[in-house]
Amino acid sequence: MKNKRRAGGILLAAVVMMALTACKPAFEYDEDAAIEVAKSVVDNINAGDFQAVEDEMTDDMKAALPASALQESVTPVLEESGPFVEFKDASTTGVTQNGVNYIVVALSCQYEKTARIYTISLTTDMKIGGLYVK
Amino acid sequence: MELLSGLFTVFASVIVPLAAGVWLALRRKGYIKPVLLGAATFLVFQICTRVQLLNYLNTRAWYSMFSFSQPALFALFLGATAALFEEGGRWLVMTLFMKDKKRISDGIAFGVGHGGIEAVVFVGIGITAALIIGEETPAFETFLAGVERLLTMVLHVAWSVMVLRSVTEKKPVWLLVAFILHTVVDMGAVMLAQSGVSPLWIEAALLPVALAHLIYTVAAYRKFKEVQHNEK
């Protein structure tokens, strides 16, 4: 019984260590600055200024999601959510994809009718490389 | 085709669970109590607790980031919490309210109640409503949802038998086995979905697992039916 408990404890410690190690970002970045940029993106979306959002995108992102397409996809979500109330909390991580470093910001936003999570990927020079709302 | 798949899924997720529950109740062997307790266990320990917890977590940025950046751990979290709430709930309910229900068939009835109400709530109600109002549903995905519900009910029956054995035989290892199996099955399904595996192959992977669980349930029933008969 003692051996089983010990084995269980070691296994648990290993899982926790793996989790903590895996949480370390791939590169250094300014978290506060990334969160502020993400918030400004959401502010522009809430204000209906989709061109301002497109202006901050990478070239690839502009081609994939121009202002008109962004407006078409996000507008129904905003209508369903009601007026924006406040930012709730934010979380970030750094990932490297195809050799490019991205700062991924998850921003929790409270609207009148529901909460939404924006997941915004930023390049290291704070250009929008990805945008997802759920 | 959409209508056929919709009807099949209504059959699998509403008719089969309700018919199984009613049939057990009509046998007048005291199965109505474990059926209802199984259903209540799901409603309390999933719908009223775990689902509410997950709904709250889904509004938190750190949780969203966790799901994005740690997909394997996230899958483990989902699987383990499902197992903890459901197997833990089964154990608690059986310990408190099924002291007089020790037959393997009582465990089967409990699983029918649990898996049955889960099928109705998660799939049955939605697909029935869609059929009634004439809403279009994707035929193949709808069909697969019905298949999944049938396979999942088999799993719930087996896990309920295991947990009942842990209570009646005073062998916690059966509770641990149910917990581990539940975690692995749920985690595996999540990871396959994360990897982009199509729902068809996910259900195909679930099929042998469900068959193995069915074999266990049948074997346990045959083995202990004789013992329980002799104890009478």
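## Nonpolar cores

The largest nonpolar core holds 52 residues, and B:Val163 and B:Ala178 have the most contacts inside it. A nonpolar core is a set of buried Ala, Val, Leu, Ile, Met, Phe, Trp, Tyr and Cys residues joined through C-beta atoms within 7 Å; buried means that 20 or more other C-beta atoms lie within 10 Å of a residue's own, with C-beta atoms placed from the backbone. In chain B, helices H1 (2-26), H2 (32-57), H4 (71-97), H5 (104-133), H6 (139-168), H7 (172-194) and H8 (199-231) each supply at least two residues of this core. Its largest share, 13 residues, comes from H6(B). Helices (H or I, at least four residues) and strands (E, at least two) are DSSP runs, numbered from the N terminus.

Apart from neighbours within four places in sequence, B:Ala178 is in contact with B:Glu87, B:Trp159, B:Met162 and B:Val163, contact being C-beta atoms, placed from the backbone, within 7 Å. A second, separate core of 29 residues includes A:Val53, A:Leu107, B:Tyr63 and B:Phe66.

## Model and numbering

This is a predicted model, in which local features need pLDDT of at least 70 and side-chain atom pairs count only at pLDDT 80 or more, while totals for chains, interfaces and linings use all residues. Residues are numbered from 1 along each chain as its sequence is written, and chains are lettered from A and ligands numbered from 1 in the order in which they are written.

## Chain B overall

Chain B has eight helices and zero strands. Of its 232 residues, 44% count as buried. The C-alpha atoms of chain B fill a box of roughly 55 × 40 × 30 Å along the principal axes.

## Sheet of chain A

Chain A has an open sheet of four strands in the order E1-E2-E3-E4, with antiparallel pairing. Strands pair if DSSP finds at least two bridges between them. The edge strands, E1 (84-97) and E4 (128-133) of chain A, each pair on one side only.

E3 (residues 115-123) of chain A pairs with E4(A) in the antiparallel sense over five bridges. The bridge partner of A:Leu122 in E4(A) is A:Ile128.

## Interface

In the interface, 10 residues of chain B are in contact with 13 residues of chain A. On the chain B side, the largest share, six residues, comes from helix H3 (residues 61-69) of chain B.

Terms used: Buried ≥ 20, exposed ≤ 12 C-beta atoms within 10 Å, placed from the backbone. Contact = placed C-beta atoms within 7 Å.
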